[in-house]
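Subject: Handing over the structure

Hello,

Here is the structure I promised to pass on to you.

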Amino acid sequence: MVPGLGHETGAALSEHPGIDFIAFTGSPRVGVKIQQAAAVNHIGCVLELGGKSPQIVFEDADLDAALPTLVGAIIQNAGQTCSAGARLLVQQSIWDKLMPMIAERFDALRAGLPDNDPDLGPLINVRQKQMVEGFFAQAEKDGVPVIAQGARQDSAPEAGFYVPPPSLARSRATTRWRAMRSSARSWPPSPSWMRPTPSSWPMLPITA
């Protein structure tokens, strides 16, 4: 392990002739630099540049058993993980049954201090908080409906980086918004009639 800033340590590692292979997880912008460095040294690289990891629920699922995992996957670490379950694909036949369950669970979510056993903590810094709130503001401007909204615990500091998690409904306006990687605890579900598909597909209602 070699700690350091990306533009210094990361750049030196990726460009070093002693490196035989690079695996990188991060932003598309840095991914381009990684590919360029790998190409110069004629080595392979594998990139994970932030997908919208899907969770898929079929009509034979035990919804009571699935619900904690479905919600927990997007709010884990305040949504700040590359593997966060940021897409929910639901078989159409159970859409009307599952959505009220999702809404109830999201309405009950609380962001706060660890001493008070919240469901999720703060975002990493003020820049991240502003970016996440910017995504939510754009979603509202685009007319994306909010199914449910968590809350900040009363004990959470006003100056902290706490953002109550919303669950966003599907709509025509969500096409562009869903493609963004917000690293937020937002979550737009979609009804679907499809078989499982690659996570690189856009999150839209898809028919077989």
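Below is what was found in it, starting with the whole chain and moving on to single places.

First, some ground rules. This is a predicted model, in which local features need pLDDT of at least 70 and side-chain atom pairs count only at pLDDT 80 or more, while totals for chains, interfaces and linings use all residues. Residues are numbered from 1 along each chain as its sequence is written, and side-chain values use heavy atoms, with hydrogens and water left out.

The chain as a whole

The protein chain has six helices and nine strands. Here helices (H or I, at least four residues) and strands (E, at least two) are DSSP runs, numbered from the N terminus. Of its 208 residues, 38% count as buried. Buried means under 20% relative accessible area, exposed means over 50%, and partly exposed is in between (1.4 Å probe, protein chains only). A contact means heavy atoms within 4.5 Å. Among the contacts in the chain with a separation of 6 or more, 65% are between residues 24 or more positions apart.

Helix 3 covers residues 63-75, 13 residues in number. From its first C-alpha to its last it reaches 18 Å, close to the 18 Å expected at 1.5 Å a residue; the expected span is 1.5 Å times one less than the number of residues. At its start, a side-chain oxygen of D62 comes to within 3.2 Å of the backbone nitrogen of D64.

Which residues of helix 3 are buried? They are L63, L67, L70, V71, A73, I74 and I75. An α-helix has 3.6 residues a turn, so residues three or four places apart point the same way. The cover over the buried residues of helix 3 includes strand 3 (54-57), strand 4 (87-91) and helix 4 (92-107).

Helix 3 is followed by N77, which lies in the loop between helix 3 and strand 4. Phi of N77 is near 50 degrees, a positive value in a residue other than glycine. A78 sits in the loop between helix 3 and strand 4 too, and its phi is positive as well, near 55 degrees. Most residues other than glycine have a negative phi.

The nonpolar core

A nonpolar core is a set of buried Ala, Val, Leu, Ile, Met, Phe, Trp, Tyr and Cys residues joined through side-chain atoms within 4.5 Å. The largest one here has 25 residues, and those with the most contacts inside it are L88, L98 and I102. Helix 3, strand 4 and helix 4 each supply at least two residues of this core. Helix 4 gives the most, with eight residues.

Helix 4 also holds A103, which is buried with a relative accessible area of 14%. Leaving out residues up to four places away in sequence, A103 touches I147 and A148. The C-alpha atoms of A103 and P166 are 9.2 Å apart, although 63 residues separate them along the chain.

R110 lies in strand 5 (residues 110-111) and is partly exposed, with a relative accessible area of 31%. A polar atom of the R110 side chain lies 2.8 Å from the backbone oxygen of D107. Beyond its neighbours within four places in sequence, R110 is in contact with P118, D119, L120, G150, A151 and Q153. The C-alpha atoms of R110 and P165, 55 residues apart along the chain, are separated by 8.2 Å.

Q153 is in the loop between strand 7 (151-152) and strand 8 (166-168). It is buried, with a relative accessible area of 15%. Not counting residues up to four places away in sequence, Q153 touches R110, A111, G112, L113, N116, D117 and P118.

I hope this helps you find your way around. Happy viewing!

Best wishes

Technical notes
Polar contact = N/O pair within 3.5 Å; in protein donor to acceptor, adjacent residues only side chain to side chain.
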